[in-house]
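Subject: Structure handover

Hello,

Here is the structure I promised to pass on. Please open it first, then read my notes below.

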Amino acid sequence: MNANDAMLTALATAQRGSMVADTAPNAPANSSFDLVLEAVAGSALGSSGTPYNLTAVTQGWPTQTLHQAFDVANGWAISGVGPDYQCTQTVTVPVPGGGPGGPLAGHTLQCVASLVSQGALIASIIHSAPFVLV
């Protein structure tokens, strides 16, 4: 990884409280599910405090934007023996209609996430595998 760069490396849907990818994340009867995002950053950037926006867009929901920075408080930690950094975050998504049988039940959906620093010097985008709501 370039010392001054970052990128999103994984985006998956999962049952609430799980880290395991699931293509029906609100089954059998959950009113929400989780987006699990993984990212890496270079050695100079990972603890620099540089601000960025993490944005998640899911069909059928409003965009969620988290204002964060490359620091420990936002989950950035040295990856293994270093020198690069890694971060895993979970974002909870409420299911429209409050749970199973809602307006998007049976629909195939997909999530997109982006990480963009101020001034867009760093920009990364990733999409999830398709998933279905019950």
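The structure holds 1 salt bridge, meaning a side-chain nitrogen of Lys or Arg within 4 Å of a carboxyl oxygen of Asp or Glu. Its partners are Arg16 and Asp34, at 3.3 Å from N to O. Arg16 sits in the loop between E1 and E2, and Asp34 in strand E2, so the pair ties together parts that are 18 residues apart in sequence. Strands here are DSSP runs of at least two residues, and helices (H or I) are runs of at least four, numbered from the N terminus. Arg16 counts as partly exposed, at 47% relative accessibility. Asp34 counts as buried, at 2%. The cut-offs: buried is under 20% relative accessible area, exposed is over 50%, and partly exposed is in between (1.4 Å probe, protein chains only).

A word on the basis. This is a predicted model, where local features need pLDDT of at least 70 and side-chain atom pairs count only at pLDDT 80 or more, while totals for chains, interfaces and linings use all residues. Residues are numbered from 1 along each chain as its sequence is written, and side-chain values use heavy atoms, with hydrogens and water left out.

Next, the sheet. An open sheet of 4 strands runs in the order E4-E3-E8-E9, with antiparallel pairing. Two strands pair if DSSP finds at least two bridges between them. E4 and E9 are the edge strands, each with a single partner, so one side of each has no neighbour in the sheet. On average, neighbouring strands are turned by 15° against each other, direction ignored. That angle is taken between axes, which are lines fitted to C-alpha atoms (for helices over the stretch in contact); angles run from 0 to 180 degrees between N-to-C directions.

Strand E3 has pairings worth checking by eye. With E4, E3 pairs in the antiparallel sense over 6 bridges. Tyr52 has Gln68 in E4 as its bridge partner. Pro51 stands opposite Ala69 in E4. The hairpin of E3 and E4 has 5 residues between the strands, and Gly60 there takes a positive phi near 90°. With E8, E3 pairs in the antiparallel sense over 7 bridges. Here Asn53 stands opposite Val116 in E8.

Val57 also lies in strand E3. Val57 is partly exposed, with a relative accessible area of 36%. Together with Val112 and Ile125, Val57 forms a nonpolar patch on the surface, with about 240 Å² of accessible area in total. Patches are made of residues with over 30% relative accessible area and no salt bridge; like charges are joined within 9 Å, nonpolar side chains (Val, Leu, Ile, Met, Phe, Trp, Tyr) within 5 Å. The areas come from the Shrake-Rupley method with a 1.4 Å probe, and for residues only the protein chains shown count as cover.

Now the rings. The structure holds 5 aromatic pairs. Rings of Phe, Tyr and Trp (its six-membered ring) pair if their centres lie within 6.5 Å; planes under 30 degrees apart count as stacked, over 60 as edge-to-face and the rest as tilted. Phe33 and Trp61 have ring centres 5.7 Å apart and planes at 75°, so this pair is edge-to-face. Phe33 lies in strand E2 (residues 32-41) and Trp61 in the loop between E3 (51-58) and E4 (64-69), so the pair ties together parts that are 28 residues apart in sequence. Phe33 is buried, with a relative accessible area of 0%. Trp61 is buried too, at 12%. Phe70 and Trp76 form a tilted pair, 5.0 Å centre to centre with 50° between the planes. Both of these residues are buried. Phe33, Trp61 and Phe131 form one aromatic cluster.

Last, some backbone details in the loops:

- A cis peptide bond joins Ala27 and Pro28, with omega about 5°. Pro28 lies in the loop between E1 (6-14) and E2.
- Another cis peptide bond joins Gly82 and Pro83, with omega about 5°. Pro83 is in the loop between E5 (77-78) and E6 (85-94).
- Ala120 has a positive phi of about 55°, although it is not a glycine. Ala120 is in the loop between E8 (111-117) and E9 (123-127).
- Val72 lies in the loop between E4 and E5 and is exposed, at 70% relative accessible area. Val72 and Ser47 are 25 residues apart in sequence and 7.0 Å apart in space, C-alpha to C-alpha.

Best wishes
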